Amino acid sequence: MKTIIACTDFSREAENATHYAASMAKENAFKMILFNLQTVSIHALNAQASADFFYTQTLKNQKKLKDKVMELRRVYAIEVEYHLASGNFIEELENCMQIHSCDFLVMGMEEKTLEQKLLGNHVTRAFHRIKKPILIVPSHIEYTGIRKILFAYDTHRSMTWSAMNDIYYFINEFNAEVEVFNVSESLEDFAEVIQDTDLNSGYDLDDIRYRFKMIQSIEVIKAIEEEIRLTNPDLLTMVPYRYSLVESLFHRSKTAIMAYKNKIPLLSIPLNID
């Protein structure tokens, strides 16, 4: 049985992502883990709150999670557990993934703020650090199945076998049709996509419905948004590239931009080293 982790802080967008994950778990017989990171307000820290205060807060959070687990079991008839943690978000999430042998994560994306533009948030930090696929769900989207996937493919970034395994897993698991979509300034790059051995070697593609589409443009984000409008996919898939410090001064992650702007769920596939 596959295991998915749904991250929640009980905000509106997290609640929506939780129900999206639960609907997906019901349809595909997945096990679900509800992950919550316990945080303490700066006011409590400044006031040097007692150990009893933190213990009481933990009990309250446990009660809230238990109630949510019971609700999900009742409504969706799925196997659900919860994992309450405190500390560093990424470290605790990685620990939860290891304990429960997680296959992928589901997270909600909140509205973009100036602070997030400058610093990022848990979501954008996670898909550059976590070595598992992360499904990012906009706050207005309900789960209706995954039948069509748009895979925005960058020829300038080397694709690893582990990343391709994750992509093919989603295609097969949901019996989805996939469009491999490439945007490039140069027509010479298009031949590179068609002849790409990582996309065409080592896999039996007879049972996969797929097609290539290539657009010449200097505005990658606008081209992807337009393709989403034209094809109406259920899922956008991208592989984030982590820039070096120097590169980050001149480039912004296209996956991060699409996570903020996206109107459909975004599946971020980690570019792990094989």
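Author: Helices (H or I, at least four residues) and strands (E, at least two) are DSSP runs, numbered from the N terminus. The model discussed here is predicted.

Reader: In what order do the ten strands of the open sheet stand?

Author: Strands of a sheet pair through backbone hydrogen bonds, either parallel or antiparallel. Here the order is β3-β2-β1-β4-β5-β10-β9-β6-β7-β8, with mixed pairing. At the edges stand β3 (79–86) and β8 (210–216), each of which pairs on one side only. From one strand to the next, the twist averages 25 degrees.

Reader: Which strands illustrate the parallel sense, and which the antiparallel?

Author: Strands β1 and β2 run parallel and are joined by five bridges; within this pair, Ile4 stands opposite Met32 of β2. Strand β1 also runs parallel to β4, with three bridges between them, and Ile5 has Leu105 of β4 as its bridge partner. The antiparallel sense is found between β5 (residues 134–138) and β10 (residues 266–268), which pair over three bridges. There, Ile136 has Leu266 in β10 as its bridge partner.

Reader: Which helices pack on the sheet, and in what direction?

Author: Helix α4 (residues 89–100) touches β1 (3–7), β2 (31–38), β3 and β4 (104–109), and its direction makes about 155 degrees with that of β2. Helix α6 (residues 122–129) touches β4, β5 and β10, and its direction makes about 155 degrees with that of β4.

Reader: Are the two faces of β1 buried or exposed?

Author: In a regular strand the side chains alternate between the two faces of the sheet. In β1, Thr3, Ile5 and Cys7 lie on one side, Ile4 and Ala6 on the other, and all are buried. Buried here means under 20% relative accessible area.

Reader: What unit do β1, α1 and β2 make?

Author: They make a right-handed β-α-β unit.

Reader: How does the length of helix α1 agree with the span it should have?

Author: The expected span is 1.5 Å times one less than the number of residues. Helix α1 (residues 12–28) has 17 residues and should therefore span 24 Å; its end C-alpha atoms are 25 Å apart, which agrees.

Reader: How many residues of α1 are buried, and which are they?

Author: Twelve of the 17 residues are buried, so that α1 is mostly covered. Among them are Glu13, Glu15, Asn16, Tyr20, Met24 and Asn28, together with several alanines including Ala14 and Ala17.

Definitions and conventions. Residues are numbered from 1 along each chain as its sequence is written. This is a predicted model: local features need pLDDT of at least 70, side-chain atom pairs count only at pLDDT 80 or more; totals for chains, interfaces and linings use all residues. Side-chain values use heavy atoms; hydrogens and water are left out. Two strands pair if DSSP finds at least two bridges between them. Axes are lines fitted to C-alpha atoms, for helices over the stretch in contact, and angles run from 0 to 180 degrees between N-to-C directions. Contact means heavy atoms within 4.5 Å. Buried means under 20% relative accessible area, exposed over 50%, partly exposed in between (1.4 Å probe, protein chains only). A crossover is right-handed if, with the strands pointing away from the viewer, the path from the first strand over the helix to the second runs clockwise.
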